[in-house]
Amino acid sequence: MVKAHLDESHVGHERAKRGEPWTSSEKIREEEEEELKREQEEEEEESEDEESEEEEEEGYYSGKRTTRGDTKPSSRKKSKPNVKASRRREIEIKDPNKPKGPQGPYMCFVSHNREKIIKEFPGIKFGEVGKKLGQRWSNLSEKGKEMYNEMAEKDKERYRKEMEKYVPMSDTELNKLKARAEKEKQEKSENSGFKKPYKCSERLKTFLNGQETISRAQLTSEMWKYFKEKNLIDPENKQFVVSDDKLFKLIGERRFRAFGYAKYLSKDLIPM
């Protein structure tokens with residue numbers, strides 16, 4: 001079981017607070033899913049009047065408040081992310097020498113009690129650990145929170161002392177780190193499973209007019225190109241596609257969700 005990173009600046013901080021998984025394998029899987037989703041969204045954005053809906057989530061603890069000393073985590077609504085802006089956002093590089101930010105009372109509580117819950121409930125799922133931590137924190141009396149308030153104050157003092165000795169990394173060094181990170185990201189993208197070539201099945205080969213190999217990313221582009229060129233987007237609900245005869249022979253459905261086309265073609269991409 002992976003422990004929560006308690007520094008509020010850590011990428012897993014907010015997710016750990018909500019009890020969501022962020023282990024290495026899970027992170028890799030989610031990144032691959034996000035990459036495919038971005039490919040699909042880039043194609044769909046070219047269509048006019050495209051509408052999308054996203055549920056808002058409530059009832060999780062606010063990391064910004066708890067790590068700053070708030071002993072009463074509050075619920076809030078999760079704002080809708082700006083997909084276009086997130087794609088354009090450059091890699092942010094933080095000074096690795098900068099001291100970790102101080103833990104708030106809640107994160108001190110998490111650090112002190114996580115292993116206890118894991119031992120108390122053998123085999124408990126990662127997300128459930130976070131939920132139980134949140135429940136126990138909510139039920140903890142003010143007197144019971146005093147210890148964690150004291151721990152938070154000590155950590156603030158630790159942070160203050162470390163910041164006094166901290167020497168920021170120069171812009172030149174930060175730019176080198178950024179260039180290295182961007183290179184690694186590019187290499188990862190080029191080696192991604194979504195750009196890996198597959199052999200086309202006979203029916204997919206026929207649909208693609210004789211093309212023998214294709215990557216998942218290329219297939220996404222080809223499918224959305226076909227949807228739009230043939231005017232197959234359902235005007236009543238643009239999340240769906242209405243098949244013409246050629247597409248029906250490939251997909252096997254007269255009407256299907258556009259973003260779900262890949263599940264119908266999983267057997268048509270043959271590993272090389």
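What covers the buried residues of helix α7 includes α5 (105-120) and α6 (126-139), where contact means heavy atoms within 4.5 Å. The model is predicted: local features need pLDDT of at least 70, side-chain atom pairs count only at pLDDT 80 or more, and totals for chains, interfaces and linings use all residues. Residues are numbered from 1 along each chain as its sequence is written, and side-chain values use heavy atoms, with hydrogens and water left out.

**Helix α7 and the chain**

The buried residues of α7 are Lys145, Tyr148, Ala152 and Asp155. Buried stands for under 20% relative accessible area, exposed for over 50%, and partly exposed for values in between (1.4 Å probe, protein chains only). Helix α7 (residues 142-165) has 24 residues and spans 35 Å from its first C-alpha to its last, close to the 34 Å expected at 1.5 Å a residue; the expected span is 1.5 Å times one less than the number of residues.

In total, the protein chain has 11 helices and five strands. Helices (H or I, at least four residues) and strands (E, at least two) are DSSP runs, numbered from the N terminus. Of the 272 residues in the protein chain, 33% are buried. Of the contacts between residues at least 6 apart in sequence, 59% join residues at least 24 apart. The accessible surface is about 18000 Å², with 47% belonging to carbon and sulfur atoms; areas come from the Shrake-Rupley method with a 1.4 Å probe, and for residues only the protein chains shown count as cover.

**The three-stranded sheet**

An open sheet of three strands has the order β2-β1-β5, with antiparallel pairing. Two strands pair if DSSP finds at least two bridges between them. Strands β2 (213-215) and β5 stand at the edges with a single partner strand each, so one side of each has no neighbour in the sheet. On average, neighbouring strands of this sheet are turned by 55 degrees against each other, direction ignored. Three bridges join β1 (residues 197-200) to β2, and Pro197 stands opposite Ser215 in β2. Helix α10 (residues 216-229) lies across β1, β2 and β5 and runs at about 90 degrees to β2. Axes are lines fitted to C-alpha atoms, for helices over the stretch in contact, and angles run from 0 to 180 degrees between N-to-C directions.

**Asp268 and Ser201**

Asp268 is in the loop between β4 (255-257) and β5 (269-271), and Ser201 is in the loop between β1 and α9 (202-207). Asp268 counts as buried because its relative accessibility is 3%; Ser201 is buried at 11%. Their side chains make a polar contact of 2.5 Å, and the side chains of Asp268 and Arg203 make another of 2.7 Å. A polar contact is a pair of N or O atoms within 3.5 Å; within protein, one must be able to donate a hydrogen and the other to accept it, and residues adjacent in sequence count only if both atoms are side-chain atoms.

Not counting residues up to four places away in sequence, Asp268 touches Lys199, Cys200, Ser201, Arg203 and Leu204, while Ser201 touches Asp268 and Ile270. The C-alpha atoms of Ser201 and Leu269, 68 residues apart along the chain, are separated by 6.5 Å.

**Positive phi**

Most residues other than glycine have a negative phi. Two asparagines with positive phi are listed here.
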